[in-house]
Amino acid sequence: MAKPRNTFCGRTRREFLWQSGACFPALGMLDLLGRDGLLPAASGERPMAPRKPHHAPKARAVIFLFMYGGPSHVDTFDYKPKLYPLDGKTIDIDTKGRGGTKKQGRVVGPKWNFRQHGQCGKWVSDLFPHVGRCVDDLAFVHSMYADSPLHGSAMLMMNSGRILSGAPCLGSWATYALGSENENLPGFVVMLDRTGGPISGAKNWSSGFMPALYQGTVLRSQGEPILDLALPEGMTLAEQRRLLDALHAQNAAHLAERADDTDLAARMESYELAARMQVHAPEAIELANESAATRGLYGLDDPRTEDFGRKCLLARRLVERGVRFVQVYSGGNHNDANWDAHGDLVFNHEKHAGATDRPIAGLLADLKQRGLLESTIVVWGGEFGRQPTAEYAEGTGRDHNSAGFTMWLAGGGIPGGVSVGTTDELGNRAVERPFHVKNLHATILHQLGMDPNRLSFFFNGLDQKLVGPEGAQPIHELI
Amino acid sequence: MAHSLSLLAAVGLTVAIAAQEPTDWWAWRPLQRPAVPAVADAGWAANDLDRFVLAGLEAAGLQPSASADKRTLLRRATLDLTGLLPTGAETEAFLADTAPDAFDKVIERLLASPQYGVKWARHWLDVVRFAETDGYERDRQKPFIWRYRDWVVDAFNGDLPWGRFLHAQLAGDELPAPTVGDLVATGYYRLGIWDDEPTDPEQARYDDLDGIADTTARAMLGISMGCARCHDHKRDPIPTRDYYSFLSFFENIRPTDHQAKAVPADGAVERHANEVSAFATARQQIVARLRGAAANAWGQLSAARRVSIGAQADAGVVARYTADRDNPKTLHDTIGERHGAVHGQVVSVAGKSGLAMRFDGDDRVELPRLVEGSFTVSFQVRSDHRGRGHAGDTRWFSGDGLVDGEVSGAVADWGVAWHSDGRVVAGTGDPETFLASPPGFHDGRWHHVAFTRDQSTGRIALYVDGEPMGEAEGGKQLLSAPPKLVLGGLQPGGHGFRGDLDEVAFHDRALSADEVAALALELPGGVHAPAVLGAAPADADGRSALSAFGDLRALKRPRLDTVQILAVAEQGREAPDGFVRVRGNVHAKGPQVAPGFPAILRPPAPQIEAVRPGLQSSGRRTALAKWITAPDNPLTWRVLANRLWQHHFGRGLVRSSNDFGKLGDQPTHPELLDWLAVELLQRGQSLKSMHRLILSSKAWQMASSPVPAAAAIDPRNDRFWRFDRRRMTAEELRDAILQVDGSLSLQLGGPSVFPPLPAEVLATSSRPEDAWGHSTPEQAARRSLYVHVKRSLQEPVLAVFDQADTDNSCPVRFATVQPTQALILMNGDFAQARARAFAERLLREAPDLPARIRLGLRLCWQREATAEEVARYETLVTGLREFGRDEAAALQRCCLIWINTNEFAFVD
């Protein structure tokens with residue numbers, strides 16, 4: 001283990017670069033240089049190149065369907081028959097949410113009926129009839145809990161494992177660990193709701209203390225997909241090529257007297273990669289070649305589901321093209337623009353479930369029929385769930401609940417038709433086999449072939465891990 | 001080492017640690033000046049610094065590179081010290097100056113430029129994680145925190161000795177006579193992330209304190225302490241107990257409320273006292289004249305006239321309460337039936353005339369809603385309480401209610417309150433419009449207060465003792481929200497008044513300033529006095545009274561010149577007991593701890609002394625500041641010397657410039673580091689002196705050209721056989737682009753600016769419509785230091801070129817190369833707009849195409865273009881005709897290429 005610290009040979013090229021900071025800027029391009037023969041192969045590991053995992057992976061990509069705002073588990077996938085007859089009754093119950101800590105509450109009975117689906121006979125509410133048909137591919141974790149019942153910190157926790165701002169997100173860890181399989185596209189892609197980002201905006205896809213190379217790239221489902229990808233108005237690729245050639249000639253002359261500087265060469269190459277991105281990224285979001293059947297599968301024929309459906313279809317196309325981590329937000333902005341149903345539960349959840357049910361089922365079916373589901377983990381859930389009781393004296397709105405909620409996963413080697421853990425009979429707290437958000441993260445990393453307790457990044461005097469210094473085990477039943 | 005990836009992950013574990021006693025670690029040893037080494041090539045060295053570098057090179061069998069040429073040196077030095085490119089004139093002057101001290105003069109010029117502070121402040125701001133918002137859900141602005149940034153710039157420009165610089169940030173407020181700058185410096189404590197809605201407030205408070213303790217340890221001492229929060233540090237012998245002892249220096253800090261406070265500007269208190277005294281004399285004279293003239297004029301009126309005026313006295317009065325009560329539960333309306341209902345124990349005391357009402361903080365009198373359109377409310381008030389609320393706040397509903405028509409959640413309301421430091425504040429809702437008097441009316445004497453509101457204009461005005469305290473334009477709607485008015489308190493939920501009220505009257509119109517003055521001064525004729533006197537026989541007394549009204553109106557009370565700042569404050573003179581928190585869990589208290597410095601440094605015990613009388617502060621931070629800035633602190637000076645080296649040479653002598661512990665890197669030149677640290681102390685802790693020393697060394701002036709033989713021996717340039725080429729920082733690059741197109745503004749200081757952001761970037765915010773501000777194009781072209789730093793929304797050009805992440809202390813910036821950088825500089829709005837402006841400048845300033853090309857390249861590269869280069873771009877311009885580009889349009893595309901070249905973006 002012990003190696004001298006101040007020698008280059010003791011470390012990989014990548015570590016060396018990060019440690020060295022400002023004097024060695026060539027991060028992103030070393031791989032390309034290696035490929036193009038600009039760098040001798042021996043001199044460097046390629047930072048965004050695909051890399052070998054710790055163990056044989058079950059999955060190579062992740063699609064995280066983020067139901068921002070916190071969907072109610074007792075109205076969706078966590079069937080609580082005892083809750084219906086209690087509707088309107090005030091009971092003793094310990095809750096903690098936006099409205100603070102309470103000892104009593106008025107029960108809001110589930111507003112939808114549940115019915116059994118699939119071979120496994122899973123109870124699913126009528127909010128998700130299409131997803132209901134996929135239950136034999138889904139693994140439900142009903143006993144999730146998180147450290148905060150408030151959006152700001154809870155969002156950070158679900159995305160980065162900590163309630164404190166400043167840590168890299170799950171997608172950053174995945175690309176840091178495994179690189180990307182398509183360098184013409186970003187490795188970690190985020191698609192936001194059309195109403196806006198979630199609260200804390202870019203902090204939810206930040207690479208924190210890691211280089212910006214690993215932060216999420218926001219991809220728009222229509223128009224110019226990536227910031228500044230489109231050519232300036234009036235410019236053609238041919239004209240741009242002329243400019244890039246002139247730039248290259250100038251830089252090549254400059255390089256001639258500085259031939260040993262790989263950073264200069266890397267930066268030259270980055271312009272070529274950018275040019276290729278200009279072609280590949282629009283192709284990746286171009287849906288013209290998708291059949292009517294496929295488009296229908298995702299609900300692109302219905303204005304209600306068209307937007308989220310398009311993003312789900314894009315997620316499949318991106319994964320197909322080697323993107324490592326795709327996060328799709330359902331809900332943005334504030335109040336009822338996302339799943340945060342404080343006022344009218346029925347209005348809110350009908351709206352968001354209505355917009356996502358068919359697209360999600362379509363995504364699962366499409367991944368499956370293309371053989372992609374085997375290697376792609378699909379994750380569904382929000383930053384927390386909701387309480388069995390009402391937030392206010394009147395109305396059906398529920399407050400936040402981080403003490404017990406449901407997430408489900410599919411694909412990537414995760415067995416289907418499985419349900420793990422339970423909440424109490426009112427769905428208030430995780431009681432049997434409780435799992436922290438870190439266990440969810442550990443499960444995802446494990447399926448990607450990484451040991452969550454070994455994958456680390458040295459920062460601030462610590463080997464920082466997604467699962468924290470204490471570590472966390474994957475959810476055994478899912479791996 | 002079984003696996004390639006764990007190699008990646010295990011930087012911290014690949015450390016070879018010599019078996020050393022804890023206090024034997026190089027960084028913790030006392031600082032001593034090492035002997036300057038002997039070198040073989042004694043003629044090469046320009047100073048002792050060079051001898052240390054050369055000795056290392058000679059020992060490794062390396063030769064120093066030749067000096068860089070003058071153009072390269074000038075570009076390097078200018079970017080290094082000011083973050084700017086040299087101008088054409090500066091380049092020509094330096095090239096023409098053949099004197100031996102030509103470069104010394106350049107260094108002096110650059111150090112004298114205020115742009116030096118703009119560049120070097122950025123280094124410190126990275127380390128202390130400067131940002132202007134809190135992060136989290138609301139990501140609120142930290143008010144006036146830009147003053148901290150300006151203070152840092154000024155400190156660098158003024159070459160503030162480093163110890164003083166650190167002391168002001170740590171404990172400027174506890175100094176015997178702090179300046180505004182000393183208080184602003186303590187904004188240091190307010191820079192971090194802050195969750196305004198924490199799930200566990202106690203834990204969140206300790207997270208905030210951890211951010212402070214950890215940043216202080218890293219930034220000032222190069223100690224990585226954070227891990228000891230949960231467990232004893234695995235490598236450095238920092239036990240958890242030491243962490244909490246260190247933390248307790250900060251434990252008395254009042255949790256932030258993120259309210260700015262107004263403090264008197266430097267010297268303002270004395271100035272103000274003189275002005276107020278002159279004002280009081282002048283006012284007394286006018287009032288005496290007015291009283292005399294009014295009494296005379298009144299005396300000349302016929303008896304019948306006086307009687308008719310008396311009869312008019314109550315005309316326009318909606319209700320009047322003299323407070324001469326006989327029923328403890330009722331406040332009698334002396335002109336009508338709008339009696340008040342007393343809640344609580346309002347007792348009667350001797351009043352301004354007759355009896356007055358005494359409120360003790362939880363009493364109030366409820367009145368019907370007497371007014372809602374235009375009105376005046378006037379009363380006499382007396383109190384020796386300061387009033388609630390913050391000094392910077394002028395919202396009446398955050399003070400103690402005097403007369404209140406506020407309804408929580410409603411907007412069409414109004415009120416008058418007794419506020420912090422004996423101020424009277426008043427205002428109306430929708431839009432919220434507030435007025436405030438100066439402080440100091442809590443003197444136990446009667447004061448006459450009047451608040452007027454005219455519905456047709458929305459104008460409101462506040463008077464104390466007949467003197468205008470300010471006026472403003474508010475909304476014009478009916479203020480009909482309150483069903484009831486309250487005297488002596490705010491509507492339920494707000495604060496009650498402690499003091500006396502008397503002579504409360506409501507008029508159904510906004511009285512004029514003269515009418516209010518007549519009321520307050522109790523002139524004969526009361527509110528009608530001005531009209532009566534105006535209509536009085538045009539004799540000398542009548543006119544004199546009227547002119548005295550005018551003089552009174554014209555006399556303005558001097559304002560205390562204040563500055564709004566965000567600073568630190570403690571909770572009292574006694575700090576709470578501190579405890580170890582077991583495994584970092586704040587709810588699990590372990591053994592008690594006292595403030596103490598890390599034992600690894602064998603420090604003295606902290607000397608905590610009482611701070612100046614009256615200041616609610618424990619003195620703990622002063623004790624910390626004294627120890628950190630003591631000349632015998634082994635770390636402070638090494639850490640600073642290393643940072644100076646880092647920002648001149650591209651990397652520190654210790655590469656991990658925030659961590660001098662065993663998980664950090666060891667110095668490549670330990671003796672040189674110690675020598676620099678001692679030198680720094682001996683030069684009066686002057687950074688500018690150190691810049692001179694470093695920039696005049698041969699080591700710093702070496703060329704960056706390749707030397708294959710040297711690279712074979714020392715590929716990482718550990719021994720400094722050449723100068724390491726570097727890419728410009730994000731700020732340098734953005735500023736340089738603005739500079740070459742001629743639009744960069746060198747304005748210093750003030751609130752941050754908001755360059756336009758693409759809609760796509762705004763759309764990532766949860767409130768895209770108010771995520772960012774707006775600045776004029778001139779302001780948007782300010783230097784990058786002045787671009788607003790918002791935690792959840794970064795300016796994309798700066799972000800993509802590796803601006804520091806602001807959630808953690810950033811000692812060394814990443815310098816990545818990514819295709820998104822190419823996209824933003826080729827296609828982005830900023831690059832396009834700048835290229836257009838650049839081309840326009842060239843069209844303006846040079847006569848023909850070859851001259852324009854030469855000028856453009858000279859601006860970018862500080863060298864003459866070769867004939868081949870000029871020809872290349874002439875050919876390009878011609879070739880672009882194919883795409884329908886005329887010369888101007890083609891030149892714009894050339895400009896775009898030039899700002900993308902490596903020669904532009906890199907510093908040789």
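Me: Is B:Phe649 buried or exposed, and why?

Reply: B:Phe649 counts as buried because there are 21 C-beta neighbours inside 10 Å, the rule being that a residue is buried if 20 or more other C-beta atoms lie within 10 Å of its own, exposed if 12 or fewer, and partly exposed in between, with C-beta atoms placed from the backbone. Bear in mind that this is a predicted model, in which local features need pLDDT of at least 70, side-chain atom pairs count only at pLDDT 80 or more, and totals for chains, interfaces and linings use all residues. Residues are numbered from 1 along each chain as its sequence is written, while chains are lettered from A and ligands numbered from 1 in the order in which they are written.

Me: Where does B:Phe649 sit, and which residues is B:Phe649 in contact with, leaving aside its neighbours within four places in sequence?

Reply: B:Phe649 belongs to helix 18 (residues 636–649) of chain B, where helices (H or I, at least four residues) and strands (E, at least two) are DSSP runs numbered from the N terminus. Leaving aside neighbours within four places in sequence, B:Phe649 is in contact with B:Phe720 and B:Asp724, contact meaning that the C-beta atoms, placed from the backbone, lie within 7 Å. B:Phe723 is 74 residues from B:Phe649 in sequence, and the two are 7.0 Å apart in space, C-alpha to C-alpha.

Me: Switching to helix 14 of chain B, which residues there are buried?

Reply: They are B:Asp514, B:Glu515, B:Val516, B:Ala517, B:Ala518, B:Leu519 and B:Ala520. Since seven of the eight residues of helix 14 (residues 513–520) of chain B are buried, the helix is largely enclosed by the rest of the structure. Just after helix 14 of chain B, B:Glu522 takes a positive phi of about 55 degrees.

Me: And chain B as a whole, how many helices and strands?

Reply: Chain B has 32 helices and 22 strands, and 54% of its 908 residues count as buried. Its C-alpha trace spans about 115 × 75 × 50 Å along the principal axes.

Me: OK, how do helix 8 and helix 17 of chain B cross?

Reply: The axes of helix 8 (residues 162–171) and helix 17 (residues 620–628) of chain B come within 9 Å and cross at roughly 160 degrees, where axes are lines fitted to C-alpha atoms, for helices over the stretch in contact, and angles run from 0 to 180 degrees between N-to-C directions. Helix 8 and helix 17 of chain B are therefore roughly antiparallel, given that angles under 35 degrees count as roughly parallel, over 145 as roughly antiparallel, 65 to 115 as roughly perpendicular and the rest as oblique. On the helix 8 side of chain B, the contact is made by B:Leu166, B:His167, B:Leu170 and B:Ala171, and on the helix 17 side by B:Arg621, B:Thr622, B:Leu624, B:Ala625 and B:Ile628.

Me: What about the contact between the chains, how many residues does each one give?

Reply: Chain A gives 95 residues and chain B gives 93. Several elements of chain A each supply at least two residues of the side that touches chain B, including helix 1 (13–20), helix 6 (237–256) and helix 7 (262–285).

Me: Which residues pair helix 6 of chain A with helix 31 of chain B?

Reply: The axes of helix 6 of chain A and helix 31 (residues 887–900) of chain B come within 10 Å and cross at roughly 40 degrees, which makes the two helices oblique. A:Leu243, A:Ala246, A:Leu247 and A:Gln250 make the contact from helix 6 of chain A, with B:Arg893, B:Leu896, B:Ile897 and B:Asn900 from helix 31 of chain B.

Definitions and conventions
Contact = placed C-beta atoms within 7 Å.
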